Amino acid sequence: MASNPPGACCAQGFKHEGTPVGEVKKINNIDTYIVYPKDNKTPEKAVLFLSDIFGLFNNAKLLADEFANNGYLCVLPDLFGGDSVDPAAMESGKFDIGAWFPNHQPANVDPIVESTIKYIKGDLGVKRIGAVGYCFGAKYVCRFMKDGQIDVGFNAHPSFVTHEELGAIQGPLSIAAAQIDNIFTTQLRHESEDTLIKTGKPWQINLYSGVSHGFAVRADLSVPHFKWSKEQAFCQAVNWFKQYL
């Protein structure tokens, strides 16, 4: 395993303030948040946003808006078919995440990712796709870089990724890692470096000190270092796409 299954830390974090500017559409019966770059309704490059367990959460939408602000059409599908984790339920301590996960395995998620990619390339006419995966979504960035459906990838604090999935990628991959992380641990990070070297593809792992799993999407923005780290992880993704997408 290149990164462990999601745990309790996946459910922690802070809600970010702001009003998303994109819109949610039904694409193949899946709620999908779509946001275009300003003054470009026919972009040739897109960012596929594969989320954490909270799905179409406000934080994810706001990040999608930022990718659009940097010139990319951004498409964020609900990977959970209407069954994403409710942050309020999680915070109450009554949500059984162990019972939730079995219903959201590759057999459930792969078809959603595949149909979204077909929509982006077919209906939207996009020629190249970069993908970002936060926690849960990182696994599917790697899975769909295997056959070239995703051209370039970025993952932040990945979970559930196997060494086989990581070793099969066929394009450049960048990873933002947290120093404090029981899922993408120091040992697994070093093992992932060895796996990435063997792929022969461009890769990058940036380690952010003093932050924990989830920092790139659910950081406490009132803490200057946490806010800076989240912003730097986003810049890491954008700069990776500028280089390779």
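Author: In the second largest pocket, α1 gives the most to the lining, with five residues. Helices (H or I, at least four residues) and strands (E, at least two) are DSSP runs, numbered from the N terminus. This is a predicted model, in which local features need pLDDT of at least 70 and side-chain atom pairs count only at pLDDT 80 or more, while totals for chains, interfaces and linings use all residues. Residues are numbered from 1 along each chain as its sequence is written, and side-chain values use heavy atoms, with hydrogens and water left out.

Reader: How is a pocket found, and which residues lie nearest the centre of this one?

Author: Rolling a probe the size of a water molecule over the atoms shows where empty space is left. On a 1 Å grid over the protein atoms alone, a pocket is an open set of points where a 1.4 Å probe fits, with protein on both sides within 12 Å along at least five of seven lines; lining residues have an atom within 4 Å of a point. Here 11 residues line the second largest pocket, and N59, L62, L63, E66 and K230 lie nearest its centre. Two or more lining residues come from each of α1 (58-69) and α9 (224-244).

Reader: How is a helix crossing described, and at what angle do α4 and α5 cross?

Author: Axes are lines fitted to C-alpha atoms, for helices over the stretch in contact (heavy atoms within 4.5 Å), and angles run from 0 to 180 degrees between N-to-C directions. The axes of α4 (residues 106-122) and α5 (residues 138-145) cross at roughly 65° and come within 11 Å. The contact involves P106, V109, D110, V113, E114 and I117 of α4, with K139, Y140, R143 and F144 of α5.
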